[in-house]
Amino acid sequence: MSRVPQNIHLVFALLAVVFLSTAASAQSPESGNRKHSDPHDPFAQLDPWWPTPGQTRIASGAPGPAYWQQRADYEIDVTLDDDQQRIIGVARIRYHNQSPHTLPYLWLQLDQNRFRQGSDGIATTTAPTLAPKVSFGVMKSILASEIFDGGYRIKSVSDADGKPLVHTDVGTMMRIDLPTPLAPGEQTQVAIDYSYNIVDAKVIRARGGKEFFENDKNFIYEIAQWFPRVAAYTDYGAWQHKSFLGRGEFTLELGNYRVRITVPSEMIVASTGTLQNPDAVLTDQWKQRLDEAADADKPVFIVTPEEAKSNQSVRTKTTKTWDFEAKNVRDFAFAASRKFIWDAMGVNVGSQNVMAMSYYPNEAEPLWSKYSTESIAHTLDVYGRYAFEYPYEVAISVNGPVYGMEYPMICFNGPRPEEDGTYSKETKYGLISVVIHEVGHNFFPMIVNSDERQWTWMDEGLNTFLQYLAEQEWEEDYPSRRGDPEKIVGYMRGGNQRAIMTGSEEILQFGNNAYAKPATALNILRETILGRELFDFAFREYSRRWKFKRPTPSDFFRTMEDASGVDLDWFWRGWFYGTDHVDIAIEDIQLYKIESGDPDEQAERTRQERDGKEANITDTRNEGMRHRADWQPGLKDFYNSPEYDELKVEEEDRKSFQKFLDGLNSEERAILKRTTNFYIVDFRNVGGLVMPILLRVHYSDNSSEMMMFPAQIWRQNSKHVSKLIVTDKEIVRLELDPKRQTADVEEGNNHWPKKMVPSRFKLFKDETKKNPMQKASDAQQAAEQKKGKQSDEEISSDKQDADDAPAKGK
């Protein structure tokens with residue numbers, strides 16, 4: 001719209017500023033103006049949706065004075081059978097009932113049962129796309145899944161005295177009926193003798209498994225979900241015994257572990273926990289190198305590439321038992337192989353020295369020795385500043401068949417270079433990012449022990465957000481895939497979505513929903529809504545409040561509001577409970593100026609505006625026309641004479657204006673003389689997700705300024721709002737969200753005057769395919785050419801024989 005001044009009647013001259021300020025904030029009664037009681041109102045409070053605070057979880061989002069959680073301690077003896085690629089173990093569990101409830105039974109997770117033929121995980125897997133083509137990898141996975149003999153084989157379940165306990169398998173869960181109900185404050189012991197076949201994780205998608213190397217006939221084993229684990233019993237949902245279908249991860253109790261792992265003697269073991277018997281399993285040279293690595297400023301080889309290469313050909317038929325202890329962890333995993341290179345470096349974390357360590361085959365070089373352990377150290381540093389200091393003694397990254405999976409103190413990461421040792425940019429940064437992400441999971445959910453089976457975003461989203469911060473601190477212009485608002489635009493614009501607050505197994509577009517969107521939301525909250533100082537304080541408060549405890553979403557939301565002092569219900573509602581997107585448009589702009597009321601000024605301004613107008617089309621074409629009033633006498637009168645001026649100011653008007661001026665004080669006279677511009681800018685919320693309005697205003701003097709109007713500007717009408725901008729400068733251009741801070745999906749409506757945002761298309765050349773006759777002709781010509789070439793070769797050979805004949809005769 002053109003910036004044409006609008007005249008305001010003289011009566012309103014003194015009231016102009018006050019009137020416009022009030023009018024700009026008033027909203028028209030459109031359909032978007034919902035009542036506050038409407039549950040779809042973006043500013044309706046979320047308290048009715050959240051659990052009522054109590055003594056267990058209080059209104060601030062912190063654990064209450066009566067907070068409780070269960071505990072499970074484990075002692076496990078396990079053997080890795082390399083010949084049969086299976087796990088054989090005995091798990092002894094001491095379960096502590098710290099709840100106020102009496103428990104008649106225990107529930108345990110049997111996650112390996114997902115691979116059992118006929119399991120819910122297999123039965124509910126939808127068909128892949130087979131037409132028009134399918135990769136060999138997909139086909140191998142389909143066929144292998146049909147025949148793999150997976151799942152636990154439970155040999156016995158008994159109590160502390162060896163007496164059998166009644167138990168029932170329910171898919172990936174097992175109920176153990178207790179002879180006597182377990183009262184509050186009491187504990188019980190169960191022992192489970194079990195085994196299972198290890199899945200080929202390079203063929204069947206899994207969170208742990210084996211990888212076979214054909215050249216040297218060795219395996220890398222990454223062993224996870226390898227023992228029956230006690231399910232979580234919580235104050236908000238009792239037993240968390242939802243079936244494991246493969247996507248929704250795990251909800252577990254914290255406890256202490258003592259695990260003895262028996263493997264072939266030549267294998268190296270990486271594990272959760274601290275090694276208790278180094279003298280029995282490590283060489284003197286390895287122990288010496290570990291001591292040196294503790295104080296090193298770069299990774300040190302404990303097992304060198306040459307030693308690993310030599311070791312992978314050894315077969316002694318003897319075994320060693322590696323003894324590990326881990327305190328206050330919620331799970332336990334390990335890896336083993338003859339192929340492992342092992343490097344380590346000490347990292348100062350507060351008052352302790354943490355050993356950052358990586359295990360990988362020669363096939364992972366030179367990428368892994370350069371980046372893996374350094375990425376671990378970087379993660380511990382950055383996450384420690386935003387959350388809390390890493391509390392464990394080791395942090396491990398292992399290369400094997402699993403691309404990325406996390407467990408306490410250890411994680412599995414997949415990227416490797418090509419066979420010739422070269423690697424792409426994507427592989428390099430893929431490795432750095434996945435190590436940061438999986439090591440970061442030690443903080444969320446291994447320590448801040450959220451319910452993964454129910455709310456994936458509480459660990460994946462928060463962790464991806466911190467991963468983004470860590471990546472930005474790694475190097476300038478780090479190619480982060482997630483976290484930057486403009487990178488989520490395609491997902492936000494598209495359909496087929498469910499809210500972030502969706503159960504883990506029911507999420508659509510899993511990566512975008514559970515990882516990218518919550519990470520982006522938190523980045524926006526930090527950079528645009530709260531600011532870094534307020535956000536960082538609140539996020540640290542949440543992390544420390546719930547360290548080694550189990551938070552729920554409302555605990556996170558309430559803590560962020562409690563610690564920042566800002567009501568964020570509108571933000572949680574829009575980003576976490578809804579599927580709307582951000583699309584704010586500049587709809588219109590109008591310019592107003594104060595009318596002084598001086599009749600002479602008004603007349604002169606009107607005359608200039610009239611004379612400045614271009615003649616309309618009719619007047620232009622009628623120029624030179626013979627008019628009747630020109631040739632017929634007596635038709636013209638006073639109103640046709642030069643003495644008449646319709647804009648002439650009467651003396652009465654001047655006196656009236658002077659009387660008006662005489663009634664004003666000096667301040668009011670000064671206001672009346674102002675030449676200030678009053679712009680009213682109309683904005684429309686096209687996408688539905690309310691957000692702050694970030695407006696850059698450009699002026700005619702080539703200056704500009706940023707204006708931010710908080711999201712509450714939409715509180716009276718979530719669809720349309722007008723804002724008054726008062727300035728002595730002339731506005732020539734407006735742009736919304738110029739730094740792309742809000743994930744606005746449509747750039748085209750972010751500009752006034754409207755800016756063309758080009759889309760591009762590619763050209764291609766039509767290809768004419770040969771018909772069958774042409775193909776047959778080509779084949780005949782090729783055959784004739786081949787025959788002719790053979791004849792030429794025969795002639796050449798005969799000639800050579802003739803040339804050689806005299807020499808042979810001599």
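Asp 728 is exposed in this predicted model, with a relative accessible area of 59%. The side chain of Asp 728 meets that of Arg 674 in a salt bridge, at 3.8 Å from N to O. Asp 728 sits in the loop between strand 28 (720–727) and strand 29 (731–736), while Arg 674 sits in the loop between helix 20 (666–672) and strand 25 (677–685), so the bridge ties together parts that are 54 residues apart in sequence. Arg 674 is partly exposed, and its relative accessible area is 41%. Elsewhere, salt bridges that share partners link Glu 75, Asp 77, Arg 92 and Arg 260 into one network.

**Charged pairs**

Side chains of opposite charge can pair when their charged atoms come close.

Is Asp 73 buried or exposed? Asp 73 counts as buried because its relative accessible area is 16%, and the cut-off for that class is under 20%.

**Aromatic pairs**

A pair of aromatic rings is described by the distance of the centres and the angle of the planes. The structure holds 55 aromatic pairs. In one of them, the ring centres of Tyr 429 and Tyr 478 are 5.0 Å apart and the planes stand at 85°, so the pair is edge-to-face. Which parts does this pair tie together? Tyr 429 belongs to helix 8 (residues 425–440) and Tyr 478 to the loop between helix 10 and helix 11, so the pair ties together parts that are 49 residues apart in sequence. Tyr 429 is buried at 13% relative accessible area, and Tyr 478 is buried at 5%.

Phe 638 and Tyr 644 make another edge-to-face pair, with 5.7 Å from centre to centre and 65° between the planes. The angle counts as edge-to-face because planes over 60 degrees apart fall in that class. Phe 638 is partly exposed, with a relative accessible area of 47%. Tyr 644 is partly exposed as well, at 35%.

How many residues of helix 15 (residues 569–576) are buried? The helix is mostly covered, with 8 of its 8 residues buried. The buried residues are Asp 569, Trp 570, Phe 571, Trp 572, Arg 573, Gly 574, Trp 575 and Phe 576. They pack against helix 10 (457–474), helix 11 (489–493), helix 12 (510–529) and helix 14 (553–564).

Arg 573, one of the buried residues of helix 15, also lies over the face of Trp 49, at 4.5 Å from the ring centre. A further arginine, Arg 229, lies over the face of Phe 250, at 4.5 Å from the ring centre.

Terms used. Residues are numbered from 1 along each chain as its sequence is written. This is a predicted model: local features need pLDDT of at least 70, side-chain atom pairs count only at pLDDT 80 or more; totals for chains, interfaces and linings use all residues. Side-chain values use heavy atoms; hydrogens and water are left out. Buried means under 20% relative accessible area, exposed over 50%, partly exposed in between (1.4 Å probe, protein chains only). A salt bridge is a side-chain nitrogen of Lys or Arg within 4 Å of a carboxyl oxygen of Asp or Glu. Helices (H or I, at least four residues) and strands (E, at least two) are DSSP runs, numbered from the N terminus. Contact means heavy atoms within 4.5 Å. Rings of Phe, Tyr and Trp (its six-membered ring) pair if their centres lie within 6.5 Å; planes under 30 degrees apart count as stacked, over 60 as edge-to-face and the rest as tilted. A charge sits over a ring if NZ of Lys or CZ of Arg is within 6 Å of the ring centre and within 35 degrees of the ring normal.
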